[in-house]
Amino acid sequence: MFKKATLMFLYTETSLHAGSGTSLGVVDLPIQREKYTDFPVIQASGLKGAVREWFEFRSTDSADRRKIELAFGPDKIGSEESGFAAAVSFTDARILLFPVRSLKGIFAYCTSPTALERFRRDAQIAGVSIDWTIPRPPDDRTVLGVREGCDVAADDQVLLEEYAFGFQGKEEVTSIAKWLSQEAFPDRGEYAFWREKVKKSLLVLPDNAFRDFVKLSTEVQARIKIDNDKRTVVKGGLFYEEALLPDSLLYSVVLAHDPVKDDRAELADSPAVLAFLRGIDGQRLQLGGDATIGRGIVSVRFHGQGKQPKPGKEEQGNG
């Protein structure tokens with residue numbers, strides 16, 4: 001059970017390979033995906049490990065290391081008595097915005113009614129109020145965008161990759177774009193351009209079209225392994241690797257409860273745990289594989305609101 005929760009947004013600055021292992025398909029090393037939607041996802045275990053690593057790199061004294069241990073659990077369990085549960089949990093990081101190449105405006109931030117509805121549900125877990133409504137495209141050939149100033153539509157049409165869609169401007173999309181710009185995108189100065197772009201380039205796609213883009217428009221790179229002696233490609237050393245695109249926006253629900261170990265001098269309770277985790281707010285984190293070739297750099301932003309426990313009643317959650 002958790003007592004306090006919030007949303008953590010992840011904006012990809014470089015392509016991100018959170019791998020799911022080998023595959024018998026065309027792509028040898030695919031990314032992690034949800035089984036029933038085929039949407040890209042970053043599994044919670046990898047996310048938690050990366051966040052822990054970020055704190056460990058910056059720990060300077062024994063007090064910091066004790067906070068890390070209380071928040072994330074012991075790194076090593078020497079005996080049954082020395083083990084205890086972590087005070088923080090992460091849900092899988094889910095896709096909210098996916099960039100798709102556009103003939104006008106370079107690319108569009110794309111989402112769908114299903115992706116937005118799931119975000120609304122997850123936000124409720126975190127106690128974040130969502131005051132916008134979710135519009136639905138009238139058919140599979142029409143996309144919805146901001147009502148005024150859309151920079152990816154021309155003559156009521158949008159061309160994404162090689163596919164043409166009809167376009168309708170909706171006030172609901174304008175409200176969603178403004179909320180994402182203010183509450184979800186990184187708030188540092190270098191993101192001013194991107195916060196403005198989402199207010200002009202957000203598109204709500206039909207669910208089927210969104211699923212096809214997140215499945216078929218990811219980055220697939222051919223890579224090789226070189227024989228150091230012969231300076232040629234090793235036989236069987238050609239492989240294809242998939243990655244999530246830069247400028248994607250994902251989110252995870254962060255759940256905190258009181259530390260199992262009573263160590264009030266370091267982390268007293270769930271608010272203290274969440275306050276400690278907010279140390280990564282506004283920072284950059286490296287997720288997934290291929291770190292040595294620059295992949296997996298994401299910008300982290302915590303939502304300002306957090307779920308508050310009701311007086312005298314512990315929250316019943318799935319954390």
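Leaving aside its neighbours within four places in sequence, which residues is L160 in contact with? Counting a contact as heavy atoms within 4.5 Å, the answer is V100, R101, S102, A108, C110, F165, L203, L205 and F213.

Before going on, a word on the model. It's a predicted one, where local features need pLDDT of at least 70 and side-chain atom pairs count only at pLDDT 80 or more, while totals for chains, interfaces and linings use all residues. Residues are numbered from 1 along each chain as its sequence is written, and side-chain values use heavy atoms, with hydrogens and water left out.

L160 also turns up in the largest nonpolar core, which has 91 residues; together with F72 and L203, L160 touches the most other members. (Such a core is a set of buried Ala, Val, Leu, Ile, Met, Phe, Trp, Tyr and Cys residues joined through side-chain atoms within 4.5 Å; buried means under 20% relative accessible area, exposed over 50%, and partly exposed in between, using a 1.4 Å probe and protein chains only.) Strand β12 (residues 249–256) gives the most to this core, with seven residues. Helices (H or I, at least four residues) and strands (E, at least two) are DSSP runs, numbered from the N terminus.

Now for the charged pairs. A search of the whole structure turns up 23 salt bridges, each being a side-chain nitrogen of Lys or Arg within 4 Å of a carboxyl oxygen of Asp or Glu. Here are some of them:

| Pair | Closest N and O atoms |
|---|---|
| R188 and E13 | 3.7 Å |
| E56 and R52 | 2.9 Å |
| R94 and D122 | 2.9 Å |

R188 sits in the loop between α4 (171–183) and α5 (192–201), and E13 in the loop between β1 (4–12) and β2 (41–42), so this pair ties together parts that are 175 residues apart in sequence. R188 counts as buried because its relative accessibility is 17%, while E13, at 25%, is partly exposed.

E56 and R52 are four residues apart in helix α1 (residues 44–58), so about one helical turn separates them. E56 is partly exposed at 34%, and R52 is buried at 13%.

R94 in strand β4 (residues 93–101) and D122 in helix α3 (residues 113–125) are 28 residues apart, and their pair links distant parts of the chain. Both are buried.

There's also a network of salt bridges linking E219, R223, E241, D290 and R295.
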